[in-house]
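Colleague: I'm new to reading models like this one. Could you take me through some of the terms?

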Amino acid sequence: MRLLTDKPIIKAFRIKTANDMKTAEQSTADYILLDSGAGTGMVFDWSLVKSIRKPYFLAGGLDTRNAADVVKVLHPFAVDVSSGIESNGVKGRIKMAAFVAAVRKEDRM
């Protein structure tokens, strides 16, 4: 899927069903980003991800409370967080540091 760049291509997919996962896994992008929706802050059914073989970024509803578990159980290539580290719409330094620490701790195990 190289077009005009030598950089990896990442394609985002909204996951609601097993069919959505099948479509994502068949993508020719180098990586896929699996998300619940456009900034909803909600998780999707992560059991749909367990059999995926393609490297993926996981997004949607991640925060300091679930980051360690999702890395430990699903082993995504990367995680994407936004509203999960915000308070009143502003990213918080303490929440961001806690999120990164949780991911790094589980990634080393």
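Modeller: Gladly! Buried means under 20% relative accessible area, exposed over 50%, and partly exposed in between (1.4 Å probe, protein chains only). Asp-6 and Lys-7 are both exposed. This is a predicted model, where local features need pLDDT of at least 70 and side-chain atom pairs count only at pLDDT 80 or more, while totals for chains, interfaces and linings use all residues. Residues are numbered from 1 along each chain as its sequence is written, and side-chain values use heavy atoms, leaving out hydrogens and water.

Colleague: Why is Arg-65 called exposed?

Modeller: Its relative accessibility is 71%, and exposed means over 50%, so Arg-65 counts as exposed.

Colleague: And what makes Asp-63 buried?

Modeller: Asp-63 has a relative accessible area of 10%; the cut-off is under 20%, so Asp-63 is buried.

Colleague: Why do Arg-65 and Asp-63 form a salt bridge?

Modeller: A salt bridge is a side-chain nitrogen of Lys or Arg within 4 Å of a carboxyl oxygen of Asp or Glu. Here the N to O distance is 2.6 Å, so the pair qualifies. By this rule the count comes to 2 salt bridges. Asp-6 and Lys-7 also form one, with their closest N and O atoms 4.0 Å apart.

Colleague: What about Asp-35: how do you know that it has no salt bridge?

Modeller: The nearest side chain of opposite charge, Arg-14, is 7.1 Å away (Lys and Arg count as positive, Asp and Glu as negative; His and the chain ends are not counted). The limit is 4 Å, so Asp-35, although buried, has no salt bridge. Its side chain does reach the backbone nitrogen of Gly-60 at 3.4 Å.

Methods: Polar contact = N/O pair within 3.5 Å; in protein donor to acceptor, adjacent residues only side chain to side chain.
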